[in-house]
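Reader: Could you take me through some features of this model, giving the general idea before each case?

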Amino acid sequence: MQVIENSKVKETLYLEKLENGLTVMIIPKRGMKKKYMIWGTNYGSNENVFIVPGENIKTEVPNGIAHFLEHKLFEQENGTNSLDTLTALGVEANAFTTNDMTAYLFSCTDNFYPAMDELMNYVQNPYFTDENVEKEKGIIGQEIMMYDDYPDWKVYLNAMQILYHNHPIKIDVVGTIDSINQIDKEVLYKCYNTFYNLSNMAIVICGDFEPENILEEVKKRLKESKANGEIQTFYPEEPDTIVKEKIEEKMEVSQPMYTIAIKVKPTDNPEEMVKRDIAIQILLELLIGKSSSLYKQLYNEGIISRGIGANYEFSENYAHVIISGQSNDPQQVYNKIKEEIKRQQQEGFCEKDFNRIKKKIYGEYVKDYDDVENISNMFLANYFLGINSFDYLNQIDNMNVEYLTQVLNDVFKEEKMVISIVKN
Amino acid sequence: MNYIKKEMKKGIKLHILNTDKFKTNLIAIFLTTKLERKTVSANALISAVLRRGSNTLKTQEEISKQLEELYGASFDCGIDKTGDNQVLKFYIETVNDSFLPQSNENILKMAIETIFDIVFNPFIENHAFHKEYVEQEKNNMKQRIEGRIDNKRIYALDRCIEEMYKDKPFGLYRFGYVEDLKDINEMNLYERYTQLIEQCKIDIFVSGNVNEEVENIIIENENVKKLKERQPNDNTESEKNTIKQGEKIEKMDVAQGKLVIGLDVNSKNEDEKYNVMIYNTILGGSANSKIFQNVREKANLAYEAGSRYFRYKDTIFVNCGIEISNYEKALNLIKEQLEDMKAGKFTEEEVENAKKSIISSIKTIDDEQDTGITYYFGQEMSGNQKSVEDYIERIEKVNKEDVIQVANKVEINTIYFLRN
């Protein structure tokens with residue numbers, strides 16, 4: 001097993017890549033009663049066109065299928081549902097799907113091994129029937145309608161519509177009522193057999209464990225499997241440009257909601273991903289963070305009343321900055337942010353502010369290492385991007401004004417910015 | 001973990017949760033006062049004005065810079081209802097000194113001083129809050145109250161509570177009312193603040209890898225020294241609701257209908273509430289529950305379907321998001337589940353499973369700092385002194401008969417449906 005220590009947070013990662021291709025990561029947490037296990041596949045709602053291993057033609061599947069598959073995996077041949085079985089063990093079980101990955105997880109204090117039996121059994125044994133696929137359409141249909149009532153989700157998705165021409169990041173992870181109606185058991189099996197190969201998956205376990213022992217426990221529960229080689233997935237050609245700058249939609253909200261997004265050229269170099277992510281976080285604080293002059297101005301003028309949310313979302317094939325919040329005058333927020341970007345690009349930022357924000361971000365990274373759930377989810381999502389989460393703690397030391405200035409100029413480009421608004 | 005509680009002065013308690021599991025220290029100040037129509041809006045506004053500036057750090061910008069210097073200490077405040085009380089909560093979380101590059105900075109001490117400064121030493125001019133802050137925060141509060149409609153699910157739950165507890169303290173909205181704001185100014189708000197600080201119950205929590213020094217830091221703090229003894233004015237009894245409110249249907253622009261059902265539980269004492277916790281878990285508190293299984297998995301009417309027990313009010317709220325035309329169907333299915341519970345149509349195994357899931361969540365309170373604080377504050381407010389072990393032991397004792405007894409006391413009070 002590979003042993004990677006980090007002296008800053010005083011944690012150790014044990015990593016093993018098994019012969020069948022599965023990666024197992026263990027982060028021991030002495031003295032914690034809570035234990036957590038998550039099993040993910042590097043497959044999310046974005047993978048809609050691919051070649052099934054062994055075939056030579058492209059398969060295109062309905063939108064929302066990765067999420068549908070996540071729901072259906074709990075169903076067992078003997079008529080039981082694994083979520084019920086896990087709940088009956090007194091463990092908290094769940095699953096989630098994002099644009100980039102799907103994951104199955106549980107946390108517990110007792111019954112870890114019986115829960116591990118169940119989790120590892122159901123993820124390796126799909127059981128789809130016409131009947132159980134049909135019934136799920138009703139449930140997911142209500143899930144889609146639930147999101148329809150979330151204006152904050154709508155405003156975000158709309159921003160993606162005008163930021164991207166073709167990239168599947170535009171599509172809602174859950175799909176639409178129409179798209180999920182096209183799903184049947186055959187296509188679910190196709191997706192499962194392609195993307196749930198062990199070589200496309202990783203397990204993270206965090207809690208009070210001996211790494212060697214827990215690794216053996218994982219191995220014991222794995223079915224025989226061969227790595228099925230690289231999976232070929234296809235993405236449509238995506239121009240660098242935006243589609244259009246502005247989109248508005250009517251919904252019953254107390255105050256307009258906005259999402260400002262900036263399209264960024266993605267990189268597939270993990271080291272660059274981490275560096276850029278840190279730099280953008282620092283820059284967003286300097287631009288519109290709570291101690292920034294723009295925040296003060298907008299707040300005092302009553303244009304904003306709460307914090308502005310800001311983050312950077314990326315994978316190997318898409319990347320964008322998101323700035324969001326509520327305001328009576330979103331257009332003005334947008335204009336002021338543009339002006340502030342331009343000003344900082346021209347005048348540069350103050351080194352003292354930069355150092356203070358660096359301290360803040362460092363503290364936030366350290367805080368990520370308290371909760372077993374948070375640690376595991378972070379290592380898993382980063383792993384699929386080729387990143388070791390510890391890299392963030394190491395790279396932050398290398399941040400300097402020159403690099404930040406470069407990112408400020410490369411990323412925060414006026415012609416790559418859009419605004420989406422939802423209002424009455 | 002080691003928990004110590006001390007009464008520093010009458011009405012002011014210090015709770016120390018000493019643990020070496022975390023990389024952070026969490027400090028919290030809870031101000032608890034009775035929920036009243038006449039003060040609810042001003043109290044909520046006070047917490048918003050306090051975070052704008054203290055006597056030492058006069059602007060939000062200065063506060064933010066100070067927090068950033070403390071390696072991203074996070075300051076947060078919130079307003080909760082705990083039974084018939086309004087609780088103003090303030091938190092500051094910092095990285096423990098041993099995880100910092102330079103370990104000679106006493107971050108914990110500075111964090112404690114900062115939070116006390118914000119809460120107990122506000123920016124005051126001529127016996128009043130800073131006018132500009134009050135006016136701005138009145139506007140923000142108005143938006144926040146109006147913003148209730150933005151999350152339809154929570155809105156439906158809040159509306160059900162309001163209907164069920166009409167004209168009762170618990171029926172009040174925790175952020176107050178827009179119509180009250182116009183009469184509030186920097187003078188009368190400061191007056192209310194002084195009153196609040198003199199009368200409210202104060203609980204100070206410190207969770208983290210701390211030594212005896214922390215107690216001294218707090219006791220010796222100038223702002224703490226200024227606080228007087230008090231007979232706290234919180235409500236120790238929670239007013240029972242006796243009037244049935246029936247069915248309430250409201251319209252709004254929603255895609256999905258939101259159904260909330262308020263149930264009176266009618267427990268006769270605190271001890272019986274442990275039985276209710278098991279009852280609620282079986283009814284709608286987990287993926288194995290009757291409501292989740294029947295409304296979602298069998299009838300496929302909903303994605304979200306479940307129930308929550310509000311222990312202080314001894315009330316259960318059932319909720320689900322459904323197609324509007326399925327209202328009657330879902331309602332009848334839920335009523336059936338309530339009847340089945342009364343008739344004892346559940347297994348011993350379900351009782352055992354419910355125990356396991358509650359016990360598992362109780363065991364994790366040592367592993368999450370904020371959960372730990374919430375637990376001990378809950379014990380404090382309910383007048384219980386149950387250790388985690390006693391709590392688990394009490395849950396273990398619940399049997400099927402106890403749950404059937406609970407089921408037969410449960411009555412529907414209010415049915416609320418938000419539709420288009």
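Author: Let us begin with pairing: two strands pair if DSSP finds at least two bridges between them, where strands (E, at least two residues) and helices (H or I, at least four) are DSSP runs numbered from the N terminus. This is a predicted model, in which local features need pLDDT of at least 70, side-chain atom pairs count only at pLDDT 80 or more, and totals for chains, interfaces and linings use all residues. Residues are numbered from 1 along each chain as its sequence is written, while chains are lettered from A and ligands numbered from 1 in the order in which they are written.

Reader: Which residue of β6(A) is the bridge partner of A:F50?

Author: The partner is A:T59, and β5(A) and β6(A) pair in the antiparallel sense over three bridges. They belong to an open sheet of three strands in chain A, with the order β6-β5-β10 and antiparallel pairing. Because β6 (58–60) and β10 (232–233) of chain A each have a single partner strand, they stand at the edges, with one side of each left without a neighbour in the sheet.

Reader: Which residues of helix α7 of chain A are buried?

Author: A residue is buried if 20 or more other C-beta atoms, placed from the backbone, lie within 10 Å of its own, exposed if 12 or fewer, and partly exposed in between. In α7 (residues 185–195) of chain A, the buried residues are A:L188, A:C191, A:T194 and A:F195. Seen down the axis of α7(A), they fall within an arc of 135 degrees (taken from the directions from the helix axis to the C-beta atoms), so they line one face of the helix.
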